[in-house]
Structures are given as C-alpha cells and as structure tokens.
Amino acid sequence: MTTFSDIFKSSFLENVSNVSILDMVIALALSVAVGLFIMLIYKKTFKGVLYSSSFAVSLLAMTLVTTLIILAVTSNIVLSLGMVGALSIVRFRSAIKEPIDIVFLFWSISAGIVLGAGLLPLAIFGSLLIGGILLLFVNKKSVDNPYILVLHLEDDAAERRAGELIGSKVKKQVVKAKTVNADGVELTVEIRLPGMTTNFVNEISALPGVRDAVLVSYNGDYMG
C-alpha cells in the first residue's frame, strides 16, 4: 500500500542533500565578493564614452548565476548532461561596445566556474591578479597621445600653409585621409604633440583659406 511518505519519496527530494548548505553559502558569498570586485575593476578601468551601470551589475549577476549552475552540475552527473543541452540553445545578441568588455565577461564566467567547482583559492588569488594587471595596463598614462586633426581648406595654397605650420608645431604627422571636391579640401591628419598644449589649432584656423580646424582624441579605432 502506498503511503503519504512514499509519494514524496523520490530522487528529486534525495538530490536536496547532494550539496552541503555550508558549501552553497560559502560559494555564493565568495561569488558576491568576487563579482563586486569585478564591478569595481570595471568601473576603475572604464575608458568609453558612457558608463553602463547595467553592464556592471550584469557582471556580478553572471558570476552568481555561473556559480549556481556549476554547483548544480557538480552534484549530479545526469543534471550536468541536461544542463549542457539546455545552455546550448541560449543565444546572446547584445553588441559588445568595447573589446575590454569581453575580458570582463569571460572573467565573470570563469570566476563563477572556479568558485562553483570549489577551487576557492584559485578564484580569489586569480581575480586579484587579473584585477591588478588590468589596473596597471588599462589605466597606464601615455606621454605621447595621438590626435586627429581635421581641416577644411579652400585650395591647395591653404593646404600648403597649414602643412608648414603643422610641421613646425608637432613631433610627428601622418596624413590619414584627403578628400577633394568642389567645396575645397578636407584633410585628416594624425599628429603627435610635444606637450599637452593645443594652441596651435587656433593659429591654423587663423590662416588664410582655412575654413575650420577640429582636433579630436584618437583611440586607434579610426577607419580612414
């Protein structure tokens, strides 16, 4: 005769004790700490135009979710096979704006995997090492910052005068693009300044035949 207790006696309920409560608490607590650390490093090393707080929070959430999945996978081999099949249909379509964002995404996922697998020292010291390297190299100040100078000129004579003045004021110049049409000449030049002063742009704009001069910071992504 089937009793009330037999109804609830199943492999589902038996899996409750497969993962220790203490192990779950420690893994998830460290996951929160590591995720917050990743968020802090992301904020300190962000070099884009607009800081995305939602992306920073997603780094914390991804660390937690990955830890949760790995804890479940390591507790049951059957569940691990089903989890692989379920995750294989997930598709991410959000565009990555900065290449460094990919590093933070993989960092969050890797930290969650390592924490869920119980390799706590590796997760902690590895995250500290990665964070230190990112702070060192991403925030490294360059003493020779490149700039892009865009000039709109009336004729070749104005281009020659502007070129002579640029050559006398900058350390290095490389023509990136030149467009000639009925309205005049558009010249795009990559320059290296000897200092942080940009007063020479005012001198260039005051030259005869120079309609306007625009100086912008160059991050290396220019497509000419």
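Start with Leu149: its bridge partner in strand β3 is Val189. Two strands count as paired if DSSP finds at least two bridges between them. This is a predicted model, so keep in mind that local features need pLDDT of at least 70 and side-chain atom pairs count only at pLDDT 80 or more, while totals for chains, interfaces and linings use all residues. Residues are numbered from 1 along each chain as its sequence is written, and side-chain values use heavy atoms, with hydrogens and water left out.

Now look at strand β2, residues 172–181. Nine bridges join β2 to β3, and this pair runs antiparallel too. Here Lys178 stands opposite Leu187 of β3, and a hairpin of two residues links β2 to β3. What about β3 itself, residues 184–192? Seven of its nine residues are buried, so β3 is largely enclosed by the rest of the structure. (Buried means under 20% relative accessible area, exposed over 50%, and partly exposed in between, using a 1.4 Å probe and protein chains only.)

Let's step back to the whole chain. Its secondary structure comes to nine helices and four strands, where helices are DSSP runs of H or I with at least four residues, strands are runs of E with at least two, and both are numbered from the N terminus. Of the 224 residues in the chain, 28% are buried.

Next, the helices. Helix α6 (residues 99–116) packs with helix α7 (residues 120–138) at an angle of about 165 degrees, and their axes are 9 Å apart. Axes are lines fitted to C-alpha atoms, for helices over the stretch in contact, and angles run from 0 to 180 degrees between N-to-C directions. That makes α6 roughly antiparallel to α7, since angles under 35 degrees count as roughly parallel, over 145 as roughly antiparallel, 65 to 115 as roughly perpendicular and the rest as oblique. The residues of α6 that meet α7 include Phe104 and Trp107, and among their counterparts in α7 are Ile130 and Leu134. Contact here means heavy atoms within 4.5 Å.

Helix α3 (residues 21–45) packs with α6 as well, at about 165 degrees, with the axes 10 Å apart. That makes α3 roughly antiparallel to α6. Among the residues making this contact are Leu30 and Phe37 of α3, along with Phe104 and Trp107 of α6.
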